Amino acid sequence: MTPTTISQQELYRFLEDRFACAQACTECARACALRASLLDPGGSEEQERARRRGIMCAEVCDATCRVLSEQNCLDEEGIRAQLELCRTVCLECAHAFDAQPGAEESAAACRACARACTEFIATLR
């Protein structure tokens with residue numbers, strides 16, 4: 001293979017992973033916002049924790065999607081930091097949702113987003 005071919009393959013993988021991560025962030029933000037809206041703000045401490053985590057996760061995923069959608073927003077180090085934050089918040093939110101009946105789909109969306117962030121981080125140098 002020529003260096004040009006390798007560069008094109010790396011570019012395609014980078015763009016595919018970036019798009020997949022942005023899409024996973026959008027889906028996770030939607031699922032977390034919906035789940036948080038179903039939890040009563042005056043509920044138990046555990047429900048309140050899950051609601052707050054869901055809101056935070058939706059906001060972080062939304063911000064991450066915006067970062068990934070803009071061409072010249074941040075340098076690679078800034079993108080990596082945003083992805084690592086997103087991955088961490090998603091995993092914390094998934095853990096909080098695990099304790100909530102009926103939140104399995106939302107927890108799965110959080111874990112899928114965390115995986116997408118991890119995979120995209122791997123394409124960064």
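A: Along the sequence the order is α-α-α-α. This is a predicted model, in which local features need pLDDT of at least 70 and side-chain atom pairs pLDDT 80 or more, while totals for chains, interfaces and linings use all residues. Residues are numbered from 1 along each chain as its sequence is written, and side-chain values use heavy atoms, without hydrogens or water.

Along the principal axes, the C-alpha atoms fill a box of roughly 60 × 25 × 15 Å. Of the 125 residues, 40% are buried (under 20% relative accessible area with a 1.4 Å probe and protein chains only; exposed is over 50%, partly exposed in between).

The part to look at is the largest pocket, with a volume of about 210 Å³. A pocket is an open set of points on a 1 Å grid over the protein atoms alone, where a 1.4 Å probe fits and protein lies on both sides within 12 Å along at least five of seven lines; lining residues have an atom within 4 Å of a point. The volume is the space filled by probe spheres set on the points.

Nine names make up the lining: Glu10, Leu11, Arg13, Phe14, Glu76, Ile79, Thr123, Leu124 and Arg125. Helix α1 (3-38) gives the largest share, 4 residues. At least two residues each come from α1 and from α3 (76-98). Sorted by class, the lining holds 4 nonpolar, 1 polar and 4 charged residues (Ala, Val, Leu, Ile, Met, Phe, Trp, Tyr, Cys and Pro are nonpolar; Asp, Glu, Lys and Arg are charged; the others, Gly among them, are polar).

Helix α3 has 23 residues and spans 33 Å from first to last C-alpha, close to the 33 Å expected at 1.5 Å a residue.

Phe14, another lining residue, leads away from the pocket. The whole structure contains 1 aromatic pair (rings of Phe, Tyr and Trp, the last by its six-membered ring, with centres within 6.5 Å; planes under 30 degrees apart are stacked, over 60 edge-to-face, the rest tilted). Phe14 and Phe120 form this pair, which is tilted, at 5.2 Å centre to centre and 45 degrees between the planes. Phe14 is in α1 and Phe120 in α4 (residues 104-123), so the pair ties together parts that are 106 residues apart in sequence. Phe120 is buried, at 0% relative accessible area.

Ala112 also lies in α4 and is partly exposed, at 29%. Its C-alpha is 8.1 Å from that of Cys28, although Ala112 and Cys28 are 84 residues apart in sequence. Thr64, in helix α2 (residues 45-69), is buried at 1%.

Finally, the cysteines. The count is 0 disulfides (pairs of cysteine sulfur atoms within 2.5 Å). Cys25 is in no disulfide, and its nearest cysteine sulfur, that of Cys113, is 3.6 Å away. Cys25 is buried at 0%. For Cys57, the closest cysteine sulfur is in Cys32 at 3.7 Å, too far for a bond. Cys57 is buried too, at 0%.

Definitions and conventions
Expected span 1.5 Å × (residues − 1).
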